[in-house]
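Student: Could we go through this structure term by term, setting each value against the definition it rests on?

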Amino acid sequence: MSSANIALLGAIAGLTIYVGLPLGRLRTPTPRLKAGLNAVAIGILVFLVWDVLTHAWEPIDGALADHHWATVASGGLVLAAGLTAGLAGLVYYDAWIARRRAAAARPAGPGAAAATELAPKTRSQAGSLALMIATGIGLHNFAEGLAIGNSAAKGELSLAVLLIVGFGLHNATEGFGIVAPLAAEGERPSWTTLFWLGLIGGGPTFLGTLVGQHLVNDTLSIAFLGLAAGSILYVVIELLAVARKANLKTLTTWCVLLGLMLGFATDAVVTAAGA
């Protein structure tokens, strides 16, 4: 396939993330709808944690079976570093954002009010959470783009097309996961905000496709998947706290189950393609 066609396939797979993003513009969602959106996002993201870690562990597991201990050690260290950076890194990032928000809300003296008006506004908690979700999904989608690029570069057109379908469906559900915190808090993001969230979450699919044409490297893939798993796991922890406050256990349970089933259903196409 030509480089232009391969790039087009990656772009299509990435752009489908915009299918779910407009849900974030729902006006004044009811408490049950907020809880349901939050719970479905939890189910989708829990599935993604499992899916990402499974793909990250595959090359390490293969090396274990073949007794390639150097590969096991290097791959394991890269995965551990990625998980640590993705999970613990977001803890410190969130604490930094909280300090900035508190400082911006606390006038320091005469003229502070005017200075606050001129200073850029800090992002809301729901907005920060949406950005974190988009970033974690973007890391995951970069690895998916690598798979598309690799298969297309080898001339496996049918496999590449099936990957596009599967990853495209995945991205559509991931877009829903990105905006769920905003919808749950009743925040209505602008179309510009949705555009940038989609670019952060879906754009790496396109970039990974370009890179995948020229680079096949297990260590790089493990690193990105580890980062993605850690960051998505952090977000799941945050969303679970939101679900607990909603106090709608039955609805939350069924919606988490729905999210999990959506994740497995869309992943079935990818599995059928042999990815």
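**Cores, helices and burial**

Tutor: In the largest nonpolar core, which has 37 residues, Leu45, Leu48, Ile137, Ile178, Val235 and Leu239 touch the most other members. The model is a predicted one, in which local features need pLDDT of at least 70 and side-chain atom pairs count only at pLDDT 80 or more, while totals for chains, interfaces and linings use all residues. Residues are numbered from 1 along each chain as its sequence is written, and side-chain values use heavy atoms, with hydrogens and water left out.

Student: What makes a set of residues a nonpolar core?

Tutor: The term stands for a set of buried Ala, Val, Leu, Ile, Met, Phe, Trp, Tyr and Cys residues joined through side-chain atoms within 4.5 Å.

Student: How many helices and strands does the protein chain have, and how are they defined?

Tutor: The secondary structure comes to nine helices and zero strands, helices being DSSP runs of H or I with at least four residues and strands runs of E with at least two, numbered from the N terminus.

Student: How do you know that the length of α1 agrees with that of a helix?

Tutor: The expected span is 1.5 Å times one less than the number of residues, so the 13 residues of α1 (residues 3–15) should span 18 Å, and this agrees with its end C-alpha atoms, which are 18 Å apart.

Student: Which residues of α1 are buried, and why are they placed on the same side?

Tutor: Ile6, Ala7, Leu9, Gly10, Ala13 and Gly14 are the buried ones in α1. They are placed on the same side of α1 because they cover an arc of only 155° around the axis, the arc being that of the directions from the helix axis to the C-beta atoms. On the face turned away from this buried side, α1 carries the exposed residues Ala4 and Leu15.

Student: What surrounds Thr205, leaving aside its neighbours within four places in sequence?

Tutor: Thr205 is in contact with Gly10, Ala13, Gly14, Asn141, Phe142, Gly145, Ile148 and Asn171. Thr209, which also lies in α7, is buried because its relative accessible area is 0%, and Thr209 touches Ile6, Gly10, Gly145, Leu146, Ile148 and Gly149, again without residues up to four places away in sequence.

Student: What share of the whole chain counts as buried?

Tutor: Of the 275 residues of the protein chain, 44% count as buried.

Technical notes. Buried means under 20% relative accessible area, exposed over 50%, partly exposed in between (1.4 Å probe, protein chains only). Contact means heavy atoms within 4.5 Å.
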